[in-house]
Amino acid sequence: MTTPPVQHDPNPNDPNPARSSATLAAFTGQVQRRIGLETENEAEILTRATLNELGKAISSGLAEDLTVSLPPELSAELRAQRHSDNQARAVGKAAFVDAVSGPVHSVDAEKVEHQVEQVLRLLREWLPEDQVDRTLEQLPGELAGLMR
């Protein structure tokens with residue numbers, strides 16, 4: 001699903017670090033360093049793809065709560081996935097990782113799983129503890145394990 005643009009982010013599917021907010025650059029810079037990606041652009045694509053899929057797995061109420069702690073450009077990834085019934089969706093780890101692998105153009109499931117794990121763990125560090133707990137409660141065990 002394509003994410004709608006947010007202010008000053010005319011094409012979120014074509015990340016350009018020069019247009020990114022300082023907090024987005026900080027988040028994706030940390031992702032880039034943790035994983036050893038060559039460019040910030042790769043880190044931003046991975047981060048957006050991971051949060052896009054996370055937004056599909058959690059309730060829209062929780063997604064809205066999480067947006068307060070994230071850079072505005074990343075908040076859009078979570079908000080774009082709102083469910084009309086506000087319910088969390090059960091999604092398996094393999095399906096989640098497979099969905100992320102498309103935008104990052106990788107067929108190596110183990111590599112993408114490691115990358116997703118690092119994004120989710122960084123997200124955990126950025127979120128208040130109560131939001132982390134609520135997120136972990138809504139995710140299936142295998143997927144929650146990636147965030148722990």
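## Starting point: Ala 57

Ala 57 is found in helix H2. Helices here are DSSP runs of H or I with at least four residues, strands are runs of E with at least two, and both are numbered from the N terminus. At 1% relative accessibility, Ala 57 counts as buried. Buried means under 20% relative accessible area, exposed means over 50%, and partly exposed lies in between, with a 1.4 Å probe and protein chains only. The C-alpha atoms of Ala 57 and Gln 87 are separated by 8.7 Å, and the two residues are 30 apart along the chain.

This is a predicted model, where local features need pLDDT of at least 70, side-chain atom pairs count only at pLDDT 80 or more, and totals for chains, interfaces and linings use all residues. Residues are numbered from 1 along each chain as its sequence is written, and side-chain values use heavy atoms, with hydrogens and water left out.

## Overall make-up

The protein has eight helices and zero strands. Read from the N terminus, its elements run α-α-α-α-α-α-α-α. The protein has 148 residues, and 47% of them count as buried.

## Helix H2

Helix H2 covers residues 40-57, which makes 18 residues. At 1.5 Å a residue, H2 should span 26 Å. The expected span is 1.5 Å times one less than the number of residues. The end C-alpha atoms of H2 are 26 Å apart, which agrees. H2 is also mostly covered, with 13 of its 18 residues buried.

How many salt bridges does the count come to? The count comes to six. A salt bridge is a side-chain nitrogen of Lys or Arg within 4 Å of a carboxyl oxygen of Asp or Glu. One of them joins Arg 48 to Glu 44, with the closest N and O atoms 3.0 Å apart. Arg 48 and Glu 44 are four residues apart in helix H2, so about one helical turn separates them. Arg 48 is buried at 4% relative accessibility. Glu 44 is buried too, at 1%.

Lys 56 and Glu 53 also meet in a salt bridge, at 3.0 Å from N to O. These two, Lys 56 and Glu 53, sit three residues apart in H2, again about one helical turn. An α-helix has 3.6 residues a turn, so residues three or four places apart point the same way. Lys 56 is partly exposed, at 28% relative accessibility. Glu 53 is buried, at 13%.

Glu 125 forms a salt bridge with Arg 34, and their closest N and O atoms are 2.6 Å apart. Glu 125 lies in helix H6 and Arg 34 in helix H1 (residues 22-35), so the pair ties together parts that are 91 residues apart in sequence. Is Glu 125 buried or exposed? Glu 125 is exposed, with a relative accessible area of 54%. Arg 34 is partly exposed, at 32%.

## Buried leucines

Leu 74 is found in helix H4, which covers residues 72-79. Leu 74 is buried, with a relative accessible area of 0%. The C-alpha atoms of Leu 74 and Leu 51 are separated by 7.3 Å, although the residues are 23 apart along the chain.

Helix H6 holds Leu 120. Leu 120 counts as buried at 1% relative accessibility.

## The loop at His 105

His 105 lies in the loop between helix H5 (93-104) and helix H6 (109-126). His 105 has a positive phi of about 55°, although it is not a glycine. Most residues other than glycine have a negative phi. His 105 is exposed, with a relative accessible area of 74%.

## A negative patch

Which residues gather in a patch of negative charge on the surface? They are Glu 129, Asp 130, Asp 133 and Glu 137. Patch residues have over 30% relative accessible area and no salt bridge, and like charges are joined within 9 Å. Asp and Glu count as negative. The place of a charge is taken as CG of Asp or CD of Glu. Accessible areas come from the Shrake-Rupley method with a 1.4 Å probe. Glu 137 lies in helix H7, residues 129-138. Glu 137 is exposed, with a relative accessible area of 66%.

Conventions
Patches are made of residues with over 30% relative accessible area and no salt bridge: like charges are joined within 9 Å, nonpolar side chains (Val, Leu, Ile, Met, Phe, Trp, Tyr) within 5 Å.
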